[in-house]
Amino acid sequence: MGPENQSSVSEFLLLGLPMRPGQQRGFFTLFLGMYLTTVLGNLLIILLIRLDSRLHTPMYFFLSHLAFSDISLSSVTVPKMLTNMQTRRQSIPYVGCIAQLCFFILFGGLDNFLLAVMAYDRYVAICQPLRYTTIMREGLCALLVAGSWILSCGSALLHTLLFLQLSFCADNTISHFFCDLTALLKLSCSDIFLNELVIFTEGGIFLFLPLGVVLGSYVRIGTIILRVPSTKRLFKAFSTCGSHLFVVSLYYGTLVGVYFFSSSWGSKDITASVMYTVVTPMLNPFIYSLRNRDIKQALEMCVNRVSVQSGAQ
């Protein structure tokens, strides 16, 4: 091992998005608008759920945590990308890169677990409606969310601690717009076998276990509906599960695009990464609000309340 190790690496260089210099202003405006939409839209969802007592149900309890996770996931990567575009500086401090890596894994994993929890909630609501309030009691909901946070934090901490053991050589250029773990591993001079082993095993388990819960829940829902098919039951199931199913498809579709359809293990499709970290969190509020009567009613009530208070003044 040479004298240049991780202690001599003070910063990394993020190459950012593949674009021409003249396109930076347009991309900056686009991603700034998308980020603001993500933050404001998800904050609105959280606010409506908190203010409207009709939304104090397990489904919306999980949705509020998903909205917070989406805000956090975008905030981990997008502000730094926008700053680099505006200042035309590509550097990120070593400590800042470690922090970005840790929080990205945390909130990415949290999204994954929360989608699985929400799928289970929909399964209970449709397949066991008479026992729904008994099964999805407040204590179980809190336990499911707490478990999602604990598993996500554990995963992020594990990958971060393993990464801190690595040494780096002269090359500190990351071919991405954020500190992605596999892109960082390419720069290491150390043996990364253990890191890759953990990514495949722990990452695979934490990805496919929630995915299995999602698929199992919807297969069971489909079986129950098709057993006694009726237009009314199909409409009810679609209105109940449609938004979540669309979000799940968008989430796992982009995730598969990132990890399984890239040119190589260490070189991911940046377009798919943008979809996963920027576009999906931005679309979630629209998906849940446009297809959800309860959210629409809560929004109308909130707007009417503000209008009445403004008129009274």
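**The helices and their packing**

Colleague: Which residues of H5 are buried?
Modeller: In H5, the buried residues are Leu 140, Cys 141, Val 145, Ser 148, Ser 152, Ser 155, Ala 156, His 159, Thr 160, Leu 162 and Phe 163. Buried means under 20% relative accessible area, exposed over 50% and partly exposed in between, with a 1.4 Å probe and protein chains only. Helices are DSSP runs of H or I with at least four residues, strands are runs of E with at least two, and both are numbered from the N terminus.

Colleague: What should I know about the model and the numbering?
Modeller: This is a predicted model, in which local features need pLDDT of at least 70, side-chain atom pairs count only at pLDDT 80 or more, and totals for chains, interfaces and linings use all residues. Residues are numbered from 1 along each chain as its sequence is written, and side-chain values use heavy atoms, leaving out hydrogens and water.

Colleague: What do the buried residues of H5 pack against?
Modeller: They pack against helix H2 (58–87), H3, helix H4 (132–135), helix H6 (181–185) and helix H7 (193–227). Contact means heavy atoms within 4.5 Å.

Colleague: At what angle do H3 and H5 cross?
Modeller: The axes of H3 (residues 94–127) and H5 (residues 138–164) cross at roughly 150 degrees and come within 8 Å. Axes are lines fitted to C-alpha atoms, for helices over the stretch in contact, and angles run from 0 to 180 degrees between N-to-C directions. H3 and H5 are therefore roughly antiparallel; angles over 145 degrees count as such, under 35 as roughly parallel, 65 to 115 as roughly perpendicular and the rest as oblique.

Colleague: And how do H2 and H3 pack?
Modeller: Their axes are 9 Å apart, at an angle of about 155 degrees. That makes H2 roughly antiparallel to H3.

Colleague: Changing topic, is Val 95 buried or exposed?
Modeller: Val 95, in helix H3, is exposed, with a relative accessible area of 64%.

Colleague: How far apart are Val 95 and Thr 133?
Modeller: C-alpha to C-alpha, Val 95 and Thr 133 are 46 Å apart in space, and they are 38 residues apart in sequence.

Colleague: What about Thr 280: buried or exposed?
Modeller: Thr 280 lies in helix H9 (residues 270–290) and counts as buried, at 4% relative accessibility.

Colleague: Which residues does Thr 280 touch?
Modeller: Not counting residues up to four places away in sequence, Thr 280 touches Leu 250, Thr 254 and Met 275.
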